[in-house]
Amino acid sequence: MPPYTHLTPAEAAHFLDHGWLRIPNAIAPEYLSWLDTLWVRLGMDGQDKTTWTEEYVKLPRHREVRAEDFCPTAWGKICELVGGEDRIDPMRERWYGDQFIVNFGRDDLVGTRHEPDELRGWHTDNDWYRQFLDSSGNALTLIFCFTDIPAGGGGTCLNEDGIKPLCELFYNTPEGLDPPFDNIYAHCTRGKVYTEVTASAGDLLVTHGMLPHSHSPNHLHYARVITNPHVNLAEPFDLNRSDGDYSLCEQVILRALNRTSIPEYTPTRPRLSFYPRTAYFKREKIRAELARLLADASVRGQPGAVDSVYLRGEAAIAEHERRNGYDKAWGPTGVATGLQDDVHVPSAQRHVVV
Ligand SMILES: O=C(O)CCC(=O)C(=O)O
Ligand SMILES: [Fe+2]
């Protein structure tokens, strides 16, 4: 392994062996304050659990900052995991934001427990491109922890030995697969190596894009908050490097397939990328969130205080849409109108939100 500037040898080895890496205190502290408007956005009262009408909620994004500003010390390590900053797409998901995923749990889950093999939410995070073995749109899935996550507190569950069967499936499917991929994670319920995330607020779990994970029940009935952006590369992974200088991300795939190079692998259909299908139902919440944020700011005597890209005019919105793929047309499998990923294809090809 080459010496890395930011990753310690132990961190590089951990990522290779497990497919993930913890980076404590990764979120620059000023961005933890994005939580200040959480309850207004949700339309719930943080102090009154009777207002917590849902178990699990995904919100849209209003604010975003450059990745290196959001997590300055982690950024160098992230770049090294993918083989250098110049491999990262300069536009797509290069800004991280406040698209919170809140796992509240339920009162009746308190005092109960679960085993990882009972979880049913296994997936990897691709809802915006036709996926091949060498696809690098979701090179890394990042789990930024905005709250502490104690054991049993609804941390994301990672299935480490789920990487290998998934890589094998994509190796054997050179025509690629279009998301959603509901039927390709059955092996994850029979895994042997699981890690359920526990964390302190500010921690980051960097996970390989081929590492299956699932949300898990929150037995502590508090608001567990994470965000879940990705690192997108400009070019597909190269699984046949003549100099053998593979990135750690590429090495995870090669190891899973027990290979040192895969010269014969060639996608047999065109690559395709489209509107992220699960962005639809989250972005449909923006109008109501803005109304609540504006009303709240006005009550507090600060009507100009709402910070949202959707209040900054057409040019800012268009830029935000390009950064996140929202300017693209629906893909072959439409868009999801809710958490259950029910398919619905509106006739419009553009998702106009505000
Ligand atoms: O809420 C969680 O723990 C996991 C969320 C997740 O994996 C996702 O949104 O893709
Ligand atoms: Fe995920």
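Biologist: Which residue stands opposite C157 in β8?

Modeller: C157 stands opposite E196 in β8, and strand β7 (residues 157-159) is joined to β8 by three bridges, the two strands running antiparallel. Helices (H or I, at least four residues) and strands (E, at least two) are DSSP runs numbered from the N terminus. This is a predicted model, in which local features need pLDDT of at least 70 and side-chain atom pairs count only at pLDDT 80 or more, while totals for chains, interfaces and linings use all residues. Residues are numbered from 1 along each chain as its sequence is written, and chains are lettered from A and ligands numbered from 1 in the order in which they are written.

Biologist: What makes β8 and β10 edge strands?

Modeller: The open sheet has three strands in the order β8-β7-β10, with antiparallel pairing, and β8 (194-196) and β10 (213-214) are its edges because two strands pair if DSSP finds at least two bridges between them and each of these pairs on one side only.

Biologist: Why is N103 called buried?

Modeller: A residue is buried if 20 or more other C-beta atoms, placed from the backbone, lie within 10 Å of its own, exposed if 12 or fewer, and partly exposed in between. N103 has 23 C-beta neighbours inside 10 Å, so N103 counts as buried.

Biologist: What surrounds N103, and where in the chain is N103 placed?

Modeller: N103 belongs to strand β5 (residues 101-103), and, leaving aside residues up to four places away in sequence, N103 touches Y56, G154, H215, N218 and R224, contact meaning C-beta atoms, placed from the backbone, within 7 Å. R224 is also the bridge partner of N103 in β11, where three bridges join β5 to β11 in antiparallel fashion.

Biologist: Which residues are around ligand 1, and of what class are they?

Modeller: The residues around ligand 1 are I101, N103, D125, T156, H213, H215, I226 and N228, a residue being near if its C-beta atom, placed from the backbone, lies within 6 Å. This shell has two nonpolar, five polar and one charged residues, where Ala, Val, Leu, Ile, Met, Phe, Trp, Tyr, Cys and Pro count as nonpolar, Asp, Glu, Lys and Arg as charged, and the others, Gly among them, as polar.

Biologist: How are α5 and α6 oriented to each other, and why is that word used?

Modeller: The axes of α5 (residues 163-171) and α6 (residues 248-256) come within 8 Å and cross at roughly 85°. Angles under 35 degrees count as roughly parallel, over 145 as roughly antiparallel, 65 to 115 as roughly perpendicular and the rest as oblique, so α5 and α6 are roughly perpendicular. The axes are lines fitted to C-alpha atoms over the stretch in contact, with angles from 0 to 180 degrees between N-to-C directions.

Definitions and conventions. Contact = placed C-beta atoms within 7 Å.
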